[in-house]
Amino acid sequence: MDFSGKVVLITGASSGIGAATAKYLSKLGATVVLTGRNAENLNKVGAECQAVGKQNPFLLVADVTKTEDNSRVIEETIKKFGKLDVLVNNAGKGGSGGIETTSLEQYDDIMHANLKAVYHLTMLAVPYLIKSKGNIVNVSSVAGTRSFANLLAYCISKAALDQFTRCVALDLAPKQVRVNSVNPAVIVTDFHSRLGMTPQDYAAYLKKCENDHPLGRVGQASEVAAAIAFLAANNASFITGTSLCVDGGKNVLCPR
């Protein structure tokens, strides 16, 4: 795969899957535009991309839940590069809570980050993706394809994101813009620590999860990054509206 000459915008690039994708695509020659809320972490990822890539990354501190930030990100990307080839909607958040313990505040917070922000940024990016005949990769979750207790708002948000992916794929197919998603299961990132898990709890959780994935292990962010790169590359030019599970087989387990 060769991304030379391609401008790729990745949200939530300051950590986890977003950071891994930024580095992976930089190695493949992409010019990456990286957004995130944490300037220190974003600068660190940017330096790592610069060390392995051919082009200097363009860093924009931004919060996808703020409409003015989304507008600024698209405007500054087009001003600097004149085009956009790939949009990776990776930024998102989680939260535990079932119907007895959730709240409307939690619902609004998670839906805003995981769906409304993607909806808005995609709207802004589409005119430029049509010009470049580019594509979109949304980072969803196995929680979009399967049900889990005590993750109500999160599961709903990812299921909605998968439907968003399919609908937008149909909208843009006549314009030759492809839209797909990746649906990871448990991946080693800082996602769970941000939900309040201690290092000890997280280590125990990962150990338990080895038994929950048919391949007998959890995943690495680099493996999701490789899947994103595949979907975004010209090699996948006949793939659109697909949710690609990167989940060690968790998606095909019988519910129990």
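## Surface and charge

Accessible areas here come from the Shrake-Rupley method with a 1.4 Å probe. On that basis the chain exposes about 12300 Å². Carbon and sulfur atoms supply 54% of this area. The model is a predicted one.

Charged side chains come next. The chain carries 26 positive and 21 negative side chains. The centres of the two sets lie 7 Å apart.

## Overall fold

The chain has 256 residues and a radius of gyration of 17 Å. A compact globule with that number of residues would have a value near 18 Å, so the two agree. Along its principal axes, the C-alpha trace spans about 50 × 40 × 35 Å. Of the 256 residues, 49% count as buried.

The secondary structure comes to 8 helices and 9 strands. Take the contacts with a sequence separation of 6 or more: 71% of them join residues 24 or more positions apart.

Strand S1 covers residues 7-10. Val7 and Leu9 point one way from S1, and Val8 and Ile10 point the other way. Are these four side chains buried or exposed? All are buried.

S1 pairs with strand S2, which covers residues 31-36. The pairing is parallel and has 4 bridges. Within it, Leu9 stands opposite Val33 of S2.

S2 also pairs with S3. These two strands run parallel and are joined by 4 bridges. Here Val33 stands opposite Phe58 of S3.

Strand S3, residues 58-61, has alternating side chains. Phe58 and Leu60 point to one face and are buried. In S1, by contrast, the side chains pointing either way are buried.

## Strands S4 and S5

Strand S4 spans residues 86-89 and pairs with S5. The sense is parallel, over 4 bridges. Leu87 stands opposite Ile136 in S5.

How many of the residues of S5 are buried? The count is 5 of 5. Both faces of S5 are covered. Asn135, Val137 and Val139 lie on one side, and Ile136 and Asn138 on the other.

Helix H5 runs over residues 152-172 and contains Thr165. Thr165 has a relative accessible area of 0%. The cut-off for buried is under 20%, so Thr165 counts as buried. Which residues does Thr165 touch, leaving out those up to four places away in sequence? They are Asn138, Val179, Asn180, Ser181 and Thr242. Asn138 is one of the buried residues of S5. Strand S6 covers residues 178-184.

Most residues other than glycine have a negative phi. Asn150 has a phi near 65°. Asn150 sits in the loop between S5 (135-139) and H5. Its relative accessibility is 44%, so Asn150 counts as partly exposed. Gln176 also has a positive phi, near 65°. The place of Gln176 is the loop between H5 and S6.

Gly16 belongs to helix H1, residues 16-27. Its relative accessibility is 22%, so Gly16 counts as partly exposed. Leaving out residues up to four places away in sequence, Gly16 touches Thr189 and Ala221. Gly16 and Gly248 are 232 residues apart along the chain. Their C-alpha atoms are separated by 18 Å.

Helix H2 covers residues 39-52 and holds Asn41. With a relative accessible area of 30%, Asn41 is partly exposed. Asn41 and Ala19 are 22 residues apart along the chain, and their C-alpha atoms are separated by 9.3 Å.

Technical notes. Residues are numbered from 1 along each chain as its sequence is written. This is a predicted model: local features need pLDDT of at least 70, side-chain atom pairs count only at pLDDT 80 or more; totals for chains, interfaces and linings use all residues. Side-chain values use heavy atoms; hydrogens and water are left out. The radius of gyration is taken over C-alpha atoms; the globule rule is 2.2 Å times the number of residues to the power 0.38. Buried means under 20% relative accessible area, exposed over 50%, partly exposed in between (1.4 Å probe, protein chains only). Contact means heavy atoms within 4.5 Å. Lys and Arg count as positive and Asp and Glu as negative; His and the chain ends are not counted. The place of a charge is taken as NZ of Lys, CZ of Arg, CG of Asp or CD of Glu. Two strands pair if DSSP finds at least two bridges between them.
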